[in-house]
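Here is a protein chain with its ligands, ready for a closer look.

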Amino acid sequence: MDIEKITTFCFSPTGTSRKNLLAVLSGLKEMECQHVDVTYDNPSQMKTLKGEDLAIFSVPVYGGHVPPVALQRLDKVRGEVTPAILLVTYGNRDYEKALNQLEDFVRERGFIPVAAAAMIGEHSYSNAQNPIAVGRPDAADLASAQEFGAKLWEEKLSGCVDSPREISTRQMPKVKTPWQNMLRFVWFVLGYQRQQKKNPVKIYPFAPADQCTHCGNCVGLCPTQAIAVGKEEVTDPARCIRCCACVKGCPSGVRTFDSPFAAPLSKNFQMRRELLYIY
Ligand SMILES: Cc1cc2nc3c(=O)[nH]c(=O)nc-3n(C[C@H](O)[C@H](O)[C@H](O)COP(=O)(O)O)c2cc1C
Ligand code: SF4
Ligand code: SF4
C-alpha cells in the first residue's frame with residue numbers, strides 16, 4: 001500500500017502542538033499534504049479520508065486528557081481503515097491518559113494508529129515567576145521530532161506492501177517523575193481540591209482596564225470566542241477553556257492568568273523530558 005496523501009488535524013491554542021506536528025511532518029516523505037487546523041474552526045461537514053491516505057492528529061494535553069473542545073471539533077472526521085499518527089504535546093508534567101483517549105477516539109472513527117508520540121511544549125501556565133518548560137519545543141526537540149518522522153517513514157511506512165502494522169498506545173513508555181516531586185504535587189492538588197470544596201473560586205485571564213490598549217489581538221487568538229471586542233479586559237467564564245492563548249499573545253503583556261498550579265508545576269517539573277514514541 002503506497003501512501004499518496006497526508007492530511008493533518010491540529011488543535012493548538014498556544015502553538016506548540018502545531019510546531020511539533022510540522023517537525024514530525026518534515027521528516028516524512030514530501031508529498032501532497034492538506035492541513036486542517038481546528039483551533040478556530042468548528043468544521044460542520046464530514047471529512048472522510050481513504051485507506052491510501054495518512055492522517056496525523058496533534059493535540060495538547062489538558063489535565064492528562066485531550067481538551068474536550070478538540071474532540072468536539074474533530075468529531076466529524078472519518079477514516080476508511082486509514083493509517084494515523086497520533087501526537088500529544090504536554091507541558092513537562094505528564095501526558096497520562098491523553099494518547100489512550102486519542103487512540104480510542106480515532107479508532108471509533110475508522111483510523112488505525114500506526115505510530116504515536118508524547119512531545120514537550122512550554123506549559124500554557126508558564127510565566128516569568130513560574131517558568132515551566134520555557135521555549136519548548138526548542139531546536140533539539142524539533143530535530144528529534146524530525147528524526148522520529150524520518151525513521152517512521154523509512155522503517156515502517158515507505159513501500160509498505162500491506163497496510164502498516166497497527167500499534168497500541170497502551171505500550172507507550174511512561175513519564176518518570178522522582179517520587180518526592182510527585183508527592184509534593186499530589187499534596188498540593190489534594191489541598192487545592194479541599195479548599196475548592198469549601199470555597200469554590202474559579203479564576204480566568206484578565207487585563208487591568210487601565211492597562212489594556214484594546215488592540216484586539218486576544219479576541220482573534222481566543223479559540224472559543226470568550227473575549228468580546230471592546231471588552232478585552234474581561235473573559236466570559238462560560239466559554240473560556242483557560243488555554244492561555246490570549247495571555248501569550250497580548251503584545252502589551254498585560255493580560256495574565258494567575259493559575260494556582262503554576263508555582264507547584266514550576267517547582268516540581270523542572271527536569272528535562274524528551275520525546276517518547278512508538279511505531
Ligand atoms: C487547562 C490546561 C491543562 C493542562 N494540563 C496539563 C497536564 O495535565 N500535563 C502537562 O504536562 N501539561 C498540561 N498542560 C500544558 C499543555 O499541555 C502544554 O502547555 C501544551 O504545550 C499546550 O499546547 P498548545 O501550545 O498546542 O496549546 C495544560 C495546559 C492547560 C491550558
Ligand atoms: S491583547 Fe492585551 S492589550 Fe490587546 S486587547 Fe487583549 S488584553 Fe488588551
Ligand atoms: S479567554 Fe480563555 S479560551 Fe480565550 S484565549 Fe484566553 S484563556 Fe483561551
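Predicted model: local features only at pLDDT ≥ 70, side-chain atom pairs only at ≥ 80, totals over all residues.

The questions and answers below go through the domains, the sheet, the ligand shells and a few backbone details.

Q: What makes up domain 1 and domain 2?
A: Domain 1 takes in 5-176 + 271-278, and domain 2 takes in 179-268. These bounds come from an automatic or database domain assignment. The centres of the two, taken over C-alpha atoms, are separated by 25 Å. Their contact takes 14 residues from domain 1 and 14 residues from domain 2. On the side of domain 1 that touches domain 2, seven residues are nonpolar, six are polar and one is charged.

Q: Why is ligand 1 said to lie between domain 1 and domain 2?
A: Both domains give residues to the shell around ligand 1, so ligand 1 lies between them. That shell holds 24 residues, and the closest are S12, S17, P60, G91 and G121. The elements giving two or more residues to it are α1 (16-27) and β6 (82-90). By class, the shell has seven nonpolar, 13 polar and four charged residues.

Q: Which residues come nearest to ligand 2, and which to ligand 3?
A: Ligand 2 has 13 residues around it, with C212, C215, C218, E232 and C250 coming nearest. Six residues of that shell are nonpolar, five are polar and two are charged. Around ligand 3 there are 16 residues, and C222, A226, C240, C243 and C246 come nearest. Here the classes are 13 nonpolar, two polar and one charged.

Q: What makes β2 and β8 the edge strands?
A: The open sheet has six strands in the order β2-β1-β4-β6-β7-β8, with mixed pairing. β2 (32-37) and β8 (276-278) each pair on one side only, and that makes them the edge strands. From one strand to the next, the twist averages 15 degrees.

Q: How do you know that β4 pairs with β6, and β6 with β7?
A: Pairing needs at least two bridges between two strands. Six bridges join β4 to β6, and nine join β6 to β7, so both pairs meet the cut-off. β4 and β6 run parallel, and β6 and β7 also run parallel. For examples of facing residues, V59 stands opposite V88 in β6, while A84 stands opposite P113 in β7.

Q: Which helices pack on or lie across strands of the sheet?
A: α1 packs on the sheet, touching β1 (5-10), β4, β6 and β7 (111-120). The direction of α1 makes about 150 degrees with that of β4. Helix α4 (residues 139-157) lies across β7 and β8, and runs at about 160 degrees to β7.

Q: Why is β7 called mostly covered?
A: Nine of the ten residues of β7 are buried.

Q: Is G51 buried, exposed or partly exposed, and how do you know?
A: G51 has 14 C-beta neighbours inside 10 Å, so it counts as partly exposed. Buried would take 20 or more, and exposed 12 or fewer. G51 lies in the loop between β3 (47-49) and β4 (53-60). Not counting residues up to four places away in sequence, G51 touches E80, V81 and T82. G51 and E4 are 47 residues apart in sequence and 9.6 Å apart in space, C-alpha to C-alpha.

Q: What makes the phi of V81 and of A133 worth a look?
A: Most residues other than glycine have a negative phi. V81 is not a glycine, yet has a positive phi of about 55 degrees. The phi of A133, also a residue other than glycine, is near 55 degrees. V81 is found in the loop between β5 (77-79) and β6, and A133 in the loop between β7 and α4.

Q: What makes the peptide bond from R136 to P137 cis?
A: Its omega is near 0 degrees. Most peptide bonds are trans. P137 is found in the loop between β7 and α4.

Methods: Residues numbered from 1 in each chain as written. Chains lettered and ligands numbered in written order. Near = placed C-beta within 6 Å. Helix = DSSP H or I, 4+ residues; strand = E, 2+ residues; numbered from the N terminus. Nonpolar A, V, L, I, M, F, W, Y, C, P; charged D, E, K, R; others polar. Contact = placed C-beta atoms within 7 Å. Axes fitted to C-alpha atoms, helices over the stretch in contact; angles between N-to-C directions.
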